[in-house]
Amino acid sequence: MSRYEGGGEGAGAGAGTGAGATGRGLWVEEPALRHRMPDPVRTSAVRAVLIVAVTLTEATITFFLTLTGSWLALPMALGAIAGTIVATWGVLDVWITRQMWNQRYGVLSEPSSTARRLRREARRASRATRKAGKAREAREAREAREAAAGRIPREDGPLAASGR
């Protein structure tokens with residue numbers, strides 16, 4: 001057993017307190033506070049960090065070469081400018097990849113979702129309103145037919161002369 005694991009000699013805070021003392025191990029699992037980034041996003045983030053690190057190193061070297069008046073300052077300055085453009089692209093790549101991932105896989109819809117429940121209630125209310133409107137229209141049409149069926153036509157009305 002390693003001296004950092006279990007209750008061995010010199011194990012952490014409990015060292016030297018007795019034969020049965022146990023200390024904190026070297027490796028302690030702690031729950032993650034945030035979920036791990038998706039693989040494509042993580043890949044582009046690592047790429048961007050490496051590009052930015054190389055660009056910053058190149059810019060620092062360019063600065064010192066400029067101070068010393070070296071002929072390498074000009075090519076390094078041009079390389080630093082190109083590196084800045086590439087680093088900007090790398091950071092934008094992380095942002096775009098993250099947005100794309102969220103659009104494709106980011107929304108997890110569950111049947112008990114609040115939004116889904118609200119939409120379901122709105123559909124029910126809309127159906128009930130439509131059904132009530134159709135029932136009212138049918139009732140009015142039925143009443144109009146009954147009223148028209150029980151009506152006695154007048155022979156002396158304004159349209160009597162035209163034969164209607």
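Mentor: Keeping in mind that this is a predicted model, the largest pocket is lined by Arg-34, His-35, Arg-36, Met-37, Pro-38, Val-41, Val-94, Arg-98, Trp-101 and Asn-102.

Trainee: How much space lies in the largest pocket?

Mentor: The computed volume of the largest pocket is about 250 Å³.

Trainee: And which helix gives the most to the lining?

Mentor: That is helix α2, residues 73-105, which contributes four residues to the lining of the largest pocket. By class, the lining residues are made up of five nonpolar, three charged and two polar ones.

Trainee: Switching to the helices, at what angle do α1 and α2 pack?

Mentor: Helix α1 covers residues 39-68, and its packing angle with α2 is about 160°, while the two axes lie 8 Å apart. Since angles over 145 degrees count as roughly antiparallel, α1 and α2 are therefore roughly antiparallel to each other.

Trainee: Is the crossing left-handed or right-handed?

Mentor: The crossing of α1 and α2 is left-handed, and the contact between α1 and α2 has 19 nonpolar residues, along with nine polar and four charged ones.

Trainee: New topic: how many aromatic pairs turn up in the whole structure?

Mentor: A search of the whole structure gives two aromatic pairs. One of them is formed by Trp-101 and Tyr-105, a tilted pair with 4.3 Å from centre to centre and 45° between the planes.

Trainee: Why are Trp-101 and Tyr-105 separated by about one helical turn?

Mentor: Because Trp-101 and Tyr-105 are four residues apart in helix α2, about one helical turn separates them. Trp-101 is also among the residues that line the largest pocket.

Definitions and conventions: Residues are numbered from 1 along each chain as its sequence is written. This is a predicted model: local features need pLDDT of at least 70, side-chain atom pairs count only at pLDDT 80 or more; totals for chains, interfaces and linings use all residues. Side-chain values use heavy atoms; hydrogens and water are left out. On a 1 Å grid over the protein atoms alone, a cavity is a set of points where a 1.4 Å probe fits but cannot get out, and a pocket is an open set with protein on both sides within 12 Å along at least five of seven lines; lining residues have an atom within 4 Å of a point. Grid points are joined across faces, edges and corners, and a volume is the space filled by probe spheres set on the points. Helices (H or I, at least four residues) and strands (E, at least two) are DSSP runs, numbered from the N terminus. Ala, Val, Leu, Ile, Met, Phe, Trp, Tyr, Cys and Pro count as nonpolar, Asp, Glu, Lys and Arg as charged, and the others, Gly among them, as polar. Axes are lines fitted to C-alpha atoms, for helices over the stretch in contact, and angles run from 0 to 180 degrees between N-to-C directions. Angles under 35 degrees count as roughly parallel, over 145 as roughly antiparallel, 65 to 115 as roughly perpendicular and the rest as oblique. A crossing is left-handed if the near helix is turned anticlockwise from the far one by less than a right angle, and right-handed if clockwise. Rings of Phe, Tyr and Trp (its six-membered ring) pair if their centres lie within 6.5 Å; planes under 30 degrees apart count as stacked, over 60 as edge-to-face and the rest as tilted.
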